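Please look through the sequence and the model below before reading on.

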Amino acid sequence: MILGKTREQWLEAIPLLKPLTEAAPFWWLNPNRISTARALPDLPLQMADVMAASRRLDRFAPYLAQVFPELKVSEGIIESPLRAIPRMQREGETFFKTSLPGQLWLKLDSHLPVSGSIKARGGIYEVLAHAETLALHGGLLHPDDDYRVLDTPPARAFFSQHCIEVGSTGNLGLSIGLMGARMGFRVTVHMSQDAREWKKDLLRERGVTVREYASDYSLAVASGRRESALNPVSYFVDDENSQSLFLGYTVAALRLQQQFQEVGITVNAEHPLMVYLPCGVGGGPGGVAFGLKMVFGDHVHCFFAEPTHSPAVLLGLLTEAHDAVCVQDFGLDNRTAADGLAVGRPSGLVCTMMKPLLTGAYTVPDEMLFQLLGLLNETEELQLEPSALAGMPGPFQLMGLPETTQWLTEQGLQEKMHQAAHLVWATGGSMVPASEMAGYLAKAAETSPATSATSPTSFKRTPNIKDH
Ligand SMILES: *Cc1c(COP(=O)(O)O)cnc(C)c1O
């Protein structure tokens with residue numbers, strides 16, 4: 001029984017659950033989406049919260065520039081490049097057997113400084129916010145101080161009396177661990193079974209305690225949360241519920257607005273922006289999407305991408321049961337090579353925030369992640385980790401599937417697509433060791449399109465796409 005109903009009763013009530021829970025590649029357009037202006041009054045966070053998060057990062061910038069030499073050039077701002085990927089756009093059209101009008105862009109959070117993934121936004125922000133609160137209360141810092149005062153022996157000694165704990169599939173642990181340890185905190189990372197060895201090794205090198213679990217992410221989080229609660233000086237970074245973490249991600253939208261101006265991308269009623277975000281528990285893509293809705297309103301459409309075996313947020317939204325359901329309830333195994341996305345139960349906060357704002361979501365088989373990893377490497381000489389490719393099918397499938405093209409027509413978007421910007425969010429990869437990357441590329445070569453069993457056009461129709 002799942003929330004008082006059998007699986008059969010669930011499938012009968014929501015027919016779309018059938019392909020989703022059979023791990024078939026799947027597209028969904030959100031029937032609950034409403035205009036941003038109408039959605040906002042009912043949401044727990046607002047634009048003012050995004051601005052406050054941005055100001056906090058600005059306050060810490062001089063400190064960050066001092067403690068991480070790689071941040072000197074950006075004066076302590078942790079931001080990633082935006083890049084047009086025209087060769088990938090052309091080859092992707094061949095791969096997906098469809099044309100992609102508009103321009104394809106990649107947001108390279110894979111190359112974010114300090115921790116090499118999208119988690120460098122939320123994770124580092126939450127550590128800084130916590131450190132600021134402690135230091136202000138501890139009398140170590142005054143609001144008008146230069147925050148470089150936190151890079152002194154007394155400050156580090158102060159932080160070393162405090163613990164930070166987090167549950168992670170790898171990248172969140174990296175970002176919390178690298179930042180926390182640098183400030184002087186005692187950090188414990190509770191790693192799920194799918195976390196890569198090199199991430200654990202790197203953390204141990206920096207003095208972080210790594211606890212390993214033979215279970216998946218939700219259990220690693222639960223265990224970390226429990227242990228942390230027993231320790232009065234421990235702070236738990238709660239990936240499933242944290243507003244602070246979420247807000248760290250939102251600031252990306254303000255920075256992106258500026259980058260768009262620099263490269264001449266217009267976003268308005270005639271120039272839609274379509275954004276495709278790899279999604280695990282939902283915090284990273286949810287935060288970015290929320291920020292983008294605050295900045296671009298109804299002119300931006302956000303889509304989440306999940307592995308076919310771990311569609312946690314899709315399941316939460318489709319059932320409207322949010323974090324009360326997990327993919328295992330419906331017989332999925334939560335096994336995927338996309339370790340950053342290997343999450344069975346979604347964030348309740350993110351489901352609530354995204355229900356009225358998200359345009360759609362889709363799933364991607366692991367095999368396709370590797371095919372696209374290889375294709376991006378060939379066309380643009382960019383190396384990403386498998387999770388980070390989940391966004392890539394989005395623009396091609398949006399333009400190529402019967403259901404989505406019908407939707408584009410109904411929305412009056414079809415005739416505007418030649419001046420659309422498609423932005424694929426590349427969420428991780430620059431810190432992957434060369435030997436590991438060679439393994440990914442070898443796997444990509446094995447699953448070349450010619451030998452693939454997963455034809456990109458083998459998508460099941462998703463009937464009853466309800467409009468609003
Ligand atoms: C964590 C992660 C994501 C997704 O972020 P969530 O907050 O878990 O939804 C996507 N890609 C990579 C590489 C990640 O590490």
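## A covered helix

In this predicted model, the buried residues of helix α17 are Pro393, Gly394, Pro395, Phe396, Gln397, Leu398 and Met399. Helix α17 runs over residues 393–400 and is mostly covered, with seven of its eight residues buried.

## Thr319 in helix α14

Thr319 belongs to helix α14, which is made up of residues 312–319. Because buried means under 20% relative accessible area, Thr319, at 9% relative accessibility, counts as buried.

When its neighbours within four places in sequence are left aside, the residues in contact with Thr319 are Trp10, Ile14, Leu17, Val325 and Phe330.

## The chain as a whole

The protein chain contains 19 helices and 11 strands. Its radius of gyration is 21 Å, close to the 23 Å that the globule rule gives for 468 residues, so the protein chain is as compact as a globular protein of that length.

Among the contacts in the protein chain with a separation of 6 or more, 76% are accounted for by residues 24 or more positions apart.

## Enclosed cavities

The structure holds three cavities of 30 Å³ or more, and the largest cavity contains about 230 Å³ of space. Its lining is formed by 25 residues, of which Ile118, Lys119, Gly280, Gly340 and Leu341 lie nearest the centre of the cavity. The elements giving two or more residues to this lining are α8 (171–183) and α13 (283–296), and the largest share, three residues, comes from α13.

By class, the residues that line the largest cavity divide into 10 nonpolar, 12 polar and three charged.

## The second largest pocket

The second largest pocket has a volume of about 220 Å³. It is lined by 14 residues, and those that lie nearest its centre are Arg33, Asp298, His299, His301 and Gln411. The lining of this pocket has four nonpolar, seven polar and three charged residues.

Notes. Residues are numbered from 1 along each chain as its sequence is written. This is a predicted model: local features need pLDDT of at least 70, side-chain atom pairs count only at pLDDT 80 or more; totals for chains, interfaces and linings use all residues. Side-chain values use heavy atoms; hydrogens and water are left out. On a 1 Å grid over the protein atoms alone, a cavity is a set of points where a 1.4 Å probe fits but cannot get out, and a pocket is an open set with protein on both sides within 12 Å along at least five of seven lines; lining residues have an atom within 4 Å of a point. Grid points are joined across faces, edges and corners, and a volume is the space filled by probe spheres set on the points. Ala, Val, Leu, Ile, Met, Phe, Trp, Tyr, Cys and Pro count as nonpolar, Asp, Glu, Lys and Arg as charged, and the others, Gly among them, as polar. Helices (H or I, at least four residues) and strands (E, at least two) are DSSP runs, numbered from the N terminus. The radius of gyration is taken over C-alpha atoms; the globule rule is 2.2 Å times the number of residues to the power 0.38. Contact means heavy atoms within 4.5 Å. Buried means under 20% relative accessible area, exposed over 50%, partly exposed in between (1.4 Å probe, protein chains only).
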